[in-house]
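User: I would like to go through the terms used for this model. Please set each value against its definition.

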Amino acid sequence: MPLVATGEIVGAAARAGLGAGAFNVIQIEHAQAIVAGAEAAGAPVILQISENAVRYHGALAAIGRATVEVARAARVPVAVHLDHATGPELVREAVGLGFGSVMFDASALDYDGNVAATAEVAADCHAHGVWVEAELGEVGGKDGVHAPGARTEPAEAAAYVAATGVDALAVAVGTSHAMVVKAAVVDLPLVAALRAAVPVPLVLHGSSGVPEADLTRAVEAGLTKVNIATHLNVAYTRAIRDHLTDHPEVVDPRRYVAAGRAAVAREVTRLLKLVRATP
């Protein structure tokens, strides 16, 4: 199964009223696990590498190329996406490595600055056939617009999409990044209002903090691309910790990392069903 474009996966899901699962890659084992989970579910999937993960590796090239190769070997459609890039240099590098999409995050800027920076990146990416996701908001810091209490206003969101030409929009509807408890309350009426106002697919960040039944409801209300990172990290770490507790003699990292990889694969299969990634 060849590497596919993110827009192909997200566009098909949006037209069918389904969700598209997007999961963050930190190590190559995450990419392998996410693909294995998608294959078990019989669903397409998006592999995401964030700017934070690039910083961890020291550069994009090695983990980026490895992730693209994992995607190319998959038996289901897989796309590779750059997540939360804050500078055009990293975006250009990802495009050169074969990423089919990028999420450019200028949400720390004021509205006019966000529009100008995002429109420039979108035009450049579109010239190379690359799909662009952006984020609208004026709340700075790691959370961007996805901070507790932040909300995206439908009319402003529609104007922002028209002004920037982006292909998808990350919206603030009650979630926040890096939550390890499922306590986020998704504003479903706001999701429906955004879906009615905005002509491109909507993206939910901070999905790890959403109660599982609400993930399904959020997709039904109009969200399409659902990003999940922290939840998988919890499963990965717990499995490795349990394996080392049960087998204190183990020193070969392949044995305990394999336990984490298997746990992530199981969670991806389950989560893809929750977000209705297949009919």
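User: Where does Asp110 lie, and why is Asp110 called buried or exposed?

Analyst: Asp110 lies in the loop between β4 and α6 (111–127). Helices (H or I, at least four residues) and strands (E, at least two) are DSSP runs, numbered from the N terminus. Asp110 has a relative accessible area of 51%, so it counts as exposed. The cut-offs are under 20% for buried, over 50% for exposed and in between for partly exposed, with a 1.4 Å probe and protein chains only. The C-alpha atom of Asp110 is 9.5 Å from that of Leu136, a residue 26 places away along the chain.

User: What kind of model do these values come from, and how are residues numbered?

Analyst: The model is predicted: local features need pLDDT of at least 70, side-chain atom pairs count only at pLDDT 80 or more, and totals for chains, interfaces and linings use all residues. Residues are numbered from 1 along each chain as its sequence is written, and side-chain values use heavy atoms, with hydrogens and water left out.

User: How do you know that strands β1 and β2 pair?

Analyst: Two strands pair if DSSP finds at least two bridges between them. Strand β1 (residues 20–24) and strand β2 (residues 45–50) run parallel and are joined by 3 bridges. That count meets the cut-off, so the two strands pair. One point of contact in this pair is Ala22, whose bridge partner in β2 is Ile46.

User: What do the strands form together, and what is the average twist?

Analyst: They form a closed barrel of 8 strands with parallel pairing, in the order β1-β2-β3-β4-β5-β6-β7-β8. From one strand to the next, the twist averages 25 degrees. Helix α1 (residues 6–16) lies across several of these strands, including β1, β2 and β3 (78–85). Its direction is at about 100 degrees to β3. The angle is taken between N-to-C directions on a scale from 0 to 180 degrees, with axes fitted to C-alpha atoms and, for helices, over the stretch in contact (heavy atoms within 4.5 Å).

User: How do you know that the span of helix α11 is close to what is expected?

Analyst: Helix α11 (residues 253–274) has 22 residues. The expected span is 1.5 Å times one less than the number of residues, and this comes to 32 Å for α11. The distance from its first C-alpha to its last is also 32 Å. Among the buried residues of α11 are Val257, Gly260, Val264, Val268 and Leu271. The buried residues of this helix pack against β1, α2 (28–41), β2, α9 (212–221), β8 and α10 (230–246).

User: Why is the pair of Glu133 and Lys225 called a salt bridge?

Analyst: A salt bridge is a side-chain nitrogen of Lys or Arg within 4 Å of a carboxyl oxygen of Asp or Glu. The closest N and O atoms of Glu133 and Lys225 are 2.9 Å apart, so the pair qualifies. Glu133 is in strand β5 and Lys225 in strand β8, so the bridge ties together parts that are 92 residues apart in sequence. Glu133 is buried, at 0% relative accessible area. Lys225 is buried too, also at 0%.

User: What makes Arg151 and Asp187 a salt bridge?

Analyst: Their N to O distance is 3.9 Å, so it falls within the limit. Arg151 is in the loop between β5 and α7 (154–164), and Asp187 is in the loop between β6 (168–171) and α8 (188–197), 36 residues apart. Both count as partly exposed: Arg151 at 40% relative accessibility and Asp187 at 28%.

User: Which residues share salt bridges in a network?

Analyst: The side chains of Glu212 and Arg270 meet at 2.7 Å, N to O. Glu212 is in helix α9 and Arg270 in helix α11, so this bridge ties together parts 58 residues apart in sequence. Bridges with shared partners join Glu212, Glu267 and Arg270 into one network. By the salt-bridge rule the model has 9 in total.
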